[in-house]
There are 2 protein chains.
Amino acid sequence: MIEALLGDEKVEVERALERACEWLSDELPDELFQPALHAVLSGGKRLRPLLCVVAYRACGGRTGPAVYDLGAAIELIHAYSLMHDDLPCMDDADLRRGQPTPHTIFGEAVTARAGTALIPAASLWALTASDALGVDEAVSRRIVSELNRAAGAGGMVGGQALDLLGEGQHLDSTELDRQHGMKTGALLTVSLVIGGLAAGASDTAIAGLESFGRGIGLAFQVTDDILDATEVAADLGKHPSDGLHDKSTYVSLYGLEEATRRARVLAEEATEALRGAGIDAPALMALASYVVERKR
Amino acid sequence: MIEALLGDEKVEVERALERACEWLSDELPDELFQPALHAVLSGGKRLRPLLCVVAYRACGGRTGPAVYDLGAAIELIHAYSLMHDDLPCMDDADLRRGQPTPHTIFGEAVTARAGTALIPAASLWALTASDALGVDEAVSRRIVSELNRAAGAGGMVGGQALDLLGEGQHLDSTELDRQHGMKTGALLTVSLVIGGLAAGASDTAIAGLESFGRGIGLAFQVTDDILDATEVAADLGKHPSDGLHDKSTYVSLYGLEEATRRARVLAEEATEALRGAGIDAPALMALASYVVERKR
């Protein structure tokens, strides 16, 4: 179902990521560009750009390819987060999606720098895409503000730090929700919000997208924990580092069955929130199902 | 001279940095806030905020304390750069300004995360300050764009990477100028540009501030190399890591005497460019002299 609805969109997202990398190749010294390229174009679900594009369409956005560029800007932040998470001084992972991680090829210091460079690059690329979309100054300003909020201390970076500090500690469900809400949920949510903002969505619609994003963000993480608990390294294409570092997961907290139920309930509540805000978008509903049904 | 002209301004800059840290204390988990606080409030010349404030006044800016907050946003990027430069996987420095570096107290992983968090935080704080200054949406958008350009691949992060890659290599003067133009010059220049933009400066004035910034940026770095070559670790309050890592410096390239002459010529050319753009600001001229006359 997801492929039928979003297969073409994913092709467009990959093209947009190639455009972003072409721009980066001019911006970055080659020694930094290579690890960034490796990280950005090494596959993945492209969930964040897809959410951005689909929210944009659901809110009436009609302009051409620039919305994919906006989605690509968000994916640059995601790519940064994976590059830093995998570093020896962080999770020390040598494989991701079956590929060697950038630092195993390019070294730790250069990979750390290249990852960091993607944060300001994402802001600049989002502004370029906003211009191409013809959104007004106030909206493009809000877009860059939302992106930095989700990337920063209250979002991705803050969540990564809590993740790091949570190693070896046993978090309760509120603490785990907070950590993942920051680390994963904030960027997923802002992908939807930015898509909505670019389409000129109402405040009600933006609030609906936010509730939807928070819900599927948590559902996504619960599902990740379920997949980590039920798959082996060979199938994963990465080593299950969370288990190795003794982190709290939803499966360790609830057990497999209850975690599975919880993921479904979260996804259902998320789609309810969306409908409640007057957004009836089959593609967003399909993404919500995909988040909990996916095999990885 | 510099103290008489800018002593009061520096007091205001320190107050603004305290306001920025107060905001950060709400934004960051405490474990990240502590290393950030240590880095931001551990002293320093505060050259970037001072340049921002002085350029703002020189271009006719008159509004109250918010321009110091704008300068503080730029200093957050500078603080990030020092935190990352000093990490074990980078320059591995354990002292700066006579103080233990953050990672020696808080650990490498947390300090790396805290430093990274300052990049999006700087964008958000610059937008907040722009609002308080009452600049319009287009200008605040341009301010955040300039800040990210100077922080990112074409500026700070890119220059840091070139610096890293240049270890053990012998750079010629063009390569060294490029590296330092990115690593130090871009953020010094953008401090002036952002101050000018906030004051509603003309394009001619902004171009003059840019030339001035590039000139004093290089003069600053040449002077740093001279100080590194002529002082011992005890006076520096840091270990002279560049020498240890066998990096090219202006002193190794030109010799001490010619480097000293070059720093003065650069500063003089910079002040000429400023006068040429119709900006006759004693405080900026004093800062140009300070950059090459300072003892550290």
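In the predicted model, helix H14 of chain B is followed by B:Gly278, a residue with a positive phi near 80°.

The buried residues of H14(B) are B:Arg262, B:Ala263, B:Leu266, B:Ala267, B:Ala270, B:Thr271, B:Ala273 and B:Leu274. Viewed down the helix axis, the buried residues of H14(B) fall within an arc of 165° and therefore line one face of the helix. An α-helix has 3.6 residues a turn, so residues three or four places apart point the same way.

The largest nonpolar core contains 208 residues, and A:Leu76 and B:Leu76 have the most contacts inside it. Apart from neighbours within four places in sequence, A:Leu76 contacts A:Ala20, A:Val40, A:Leu118, A:Ala121, A:Ala122 and A:Trp125.

A:Arg97 has a phi of about 50° and is located in the loop that joins strands S1 (95-96) and S2 (99-100) of chain A. A:Arg97 counts as partly exposed because it has 14 C-beta neighbours inside 10 Å. In chain B, the phi of B:Asp92 is positive, about 55°, and the residue lies in the loop between helix H4 (66-85) and strand S1 (95-96). B:Asp92 has 16 C-beta neighbours inside 10 Å and so counts as partly exposed.

How values were computed: Residues are numbered from 1 along each chain as its sequence is written. Chains are lettered from A and ligands numbered from 1 in the order in which they are written. This is a predicted model: local features need pLDDT of at least 70, side-chain atom pairs count only at pLDDT 80 or more; totals for chains, interfaces and linings use all residues. A residue is buried if 20 or more other C-beta atoms lie within 10 Å of its own, exposed if 12 or fewer, and partly exposed in between; C-beta atoms are placed from the backbone. Helices (H or I, at least four residues) and strands (E, at least two) are DSSP runs, numbered from the N terminus. The arc is that of the directions from the helix axis to the C-beta atoms. A nonpolar core is a set of buried Ala, Val, Leu, Ile, Met, Phe, Trp, Tyr and Cys residues joined through C-beta atoms within 7 Å. Two residues are in contact if their C-beta atoms, placed from the backbone, lie within 7 Å.
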